[in-house]
Amino acid sequence: MLVVLAFLTIDSLDASRAGGRQVPDYDVINQHIGYTYDWSRRLEVPVIGPAEPLFGRTYSLQEASGLMSFGKLVIQSRACMDCHTFFGNGAYYGPDLTKAWLDPAWSQIWMPMTGSSTREAAMVAFLMHPDQYPTWTRRMPNLHLTRAEAQAVVAYLKWMSAIDTNGFPAHFGRIQAQN
Amino acid sequence: MTSAALFATSAALGLLVLLGGAYGVLYALGAARSSPSLTGAGYACYAGQLLLVLVVCLGSPLASLWKLFMAVSGVVYGFIPPATWRLLDSIHHNQLQ
Amino acid sequence: MYRSQKLALRYFIAAITLFGVMIAAGLLSALYYIDPALLYNVFDFQMAKILHIDTLIIWLLMGFIGAVYWFLPKELGREVVGIWVAELLFYVFCSAVAVVAVVFVVVQYGGSNEFSMWFINQGRKYVEAPRWAAVGVVAVVLTFVFNVTATAWQARRITGVLGVLILDLVPLAVLYLDAFPKITNMSHDLYWWWWLVHMWVEATWEVLIGCLMAWSLMELMGTSRRIVETWLYIEVMLVLGTGILGLGHHYFWIGTPQYWLSIGGFFSALEPLPLLGMVVHAVYDAGTHHMKTTNRPAFYWVLAEAFGNFIGAGVFGFMMTLPQINLYSHGTQWTVSHGHFAFWGAYACGVIAIMYLVLQRTRSAEHFDSRAWKWGFGLLNLGLVGMVGGLLIAGITQAIYERAEGGSTLQAFVAASEHPWFRSAMYARFIFGIVFALGYFALVYDLLAIGRRAAVAAPTQAAPA
């Protein structure tokens, strides 16, 4: 069994490296990302669309990689995973963040609330001062993120939403289509 | 999967294992106390488990691979309590000699 | 008594203390669900949660280590080699745990830099402890491995149980090295994180508690060495056979290939089968040895272990492990329900059983019984079943309303969490948490008191004769 696991590990790590079969490269943050039902696989898959700059700019692969590395450090240092889940792993007090970038709440609730013109600007405004933009009784605490830290987290969430998670979470695309 | 099917299937799967456990416990109790009625109750639980396997195979939206797995493991459940009991008895018996 | 056994008792005291901290932090975590404004921006949910799950790991680990230090000199008939290092490291371990806890409570989290990772909070579930403390855990585990192997070497003796234990401790130490890296790619991060979490909890710990239970059954019921070793070998084979690839059920949704849905689903669906065998074994032992045991608390806790493991890991696990269902249940309170029951059944009950076993030896009481242990046993198990019941209802509510119908967005998450079923379930969880905490106090009282009165009474009764 260990030998089988070793082979599967080699293949899985290759498929899930940035730029592998399941996980896009970090510079995918320069493109539009969607999530739709794939009839041949019978599950929802991310769809990488045309160019869609993040924070009004296009990142080189090297810049994007640096941003992701920093974003992950922010995520670990603030222990995001002890309230939220990533791919459903973590704690269950806050919502799952796997496809958080695609959540309609950014445009429906936080863009008007923060007076932002783009989704990423609303996300940054919220992440920097979550206590100022409450939407529910369970409020996110203020984790004292700087603008650079908040931007890195937003970029990280955009990249994560482009990962092929074998259809998890289900029906996210369907709800989007309705909206 | 619809939410009703999700709930029903999951409950059936849980109950299936629970009935398997009840079969194991009752069978073993029956064997320990040489009580045919307890052993009989154990077999009744197992029959209930097989019935549930049938229900899951015919009525649930699970993929056919999992239905096949259910059917095979349903049969395997039947053997585990008597086989375990016999194995335990033979080890203990050898030990006493 | 060997020095190693005195050390075991100290480990048990530390373990039971941390068990109490775990319960307190758990109750606090449960309270946030009822009153989300609680301690907002002062001490938020994530810190209570961290304390809850990290003390869970540490108290069980301390219980295991203590148990091995208890059984080892008996097994080999000699003092543990290098016992002074082990004694020293016990205090280092306790101090480190205390320092980390204080940092978690006071500092909580740091900035986005390596300093935070080394000294404040690593923010990876279960391994949040900063790296310096992780170095400490590795040092403790390595010393532990050294103690065990060096003692066996010096004694020029190896038994089946001991051999399995030594082989098991190596991966236990090696896997913990995964507590250090900061991997940018979340898919890779979680891939290796599950090696640590799953392989510790569902492989190395499983074998470790198997070894401890083997020794315990020999003591508790006088089961022969050949029988327990045969069972231990069967268990190791099952762990190697199903547990290792059972890892695959964590790889359904983390960005790994789709074949894991079949592999992980298959191997974890096999899991109830060996557990059924264990239940039959428990009933067999109960039937054969019930009348002979002089340690009823330990005996009942061993039974609770077998049944808790079957229901928590077997029944609850099977309800949610097939990918088609897991797609909706994964990452909800349903997982929490399964986790609580399985940890309780597989490990906590076993560690408590061993503590009772050890106390009977240290207090040399003829009549090792009390009323308090029944209260502790009853309240803890009732509280646990109530908590997992509440969490199960909450989780199913989420699976239906947030996932299957709602589409997992923020609004769907809020709608499910505001659903009356979810809210009532959270109250139920808290109330049963209080019941559980009362059970803990009864347990602690009993661990302090059981067997003492009888030990004092015995000589007075003997005097006239």
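Two exercises on a predicted model follow, each with a worked solution.

**Exercise 1. Helix packing in chain C**

Task: Find how helix α7 (residues 186-221) of chain C and helix α8 (residues 225-246) of chain C are oriented, and list what makes their contact.

Solution: 
- Start with the axes. Those of α7(C) and α8(C) come within 10 Å. They cross at roughly 170°.
- Apply the cut-off. Angles over 145 degrees count as roughly antiparallel.
- Conclude. The crossing angle therefore makes α7(C) roughly antiparallel to α8(C).
- Collect the residues. From α7(C) come C:Glu202, C:Ala203, C:Glu206, C:Val207, C:Gly210, C:Cys211, C:Ala214, C:Leu217 and C:Met218. From α8(C) come C:Arg225, C:Val228, C:Glu229, C:Leu232, C:Glu235, C:Val236, C:Val239, C:Gly243, C:Ile244 and C:Gly246.
- Sort by class. The contact of α7(C) with α8(C) holds 11 nonpolar, three polar and five charged residues.

**Exercise 2. Contacts between chains**

Task: Work out which pair of chains has the most contacts, then describe the side of chain B that touches chain C.

Solution: 
- Two pairs of chains touch, and chains A and C have the most contacts.
- Check the remaining pair. Chain A and chain B share no contact. Their closest C-alpha atoms are 10 Å apart.
- Turn to chains B and C. Chain B supplies 34 residues to this contact and chain C supplies 32 residues.
- Assign elements. On the chain B side, α1 (3-32) and α3 (64-96) of chain B each give two or more residues. α1(B) gives the most, with 16 residues.
- Sort by class. The chain B side that touches chain C has 22 nonpolar residues, 12 polar and no charged.

Methods
Residues numbered from 1 in each chain as written. Chains lettered and ligands numbered in written order. Predicted model: local features only at pLDDT ≥ 70, side-chain atom pairs only at ≥ 80, totals over all residues. Axes fitted to C-alpha atoms, helices over the stretch in contact; angles between N-to-C directions. Helix = DSSP H or I, 4+ residues; strand = E, 2+ residues; numbered from the N terminus. Parallel < 35°, antiparallel > 145°, perpendicular 65-115°, else oblique. Contact = placed C-beta atoms within 7 Å. Nonpolar A, V, L, I, M, F, W, Y, C, P; charged D, E, K, R; others polar.
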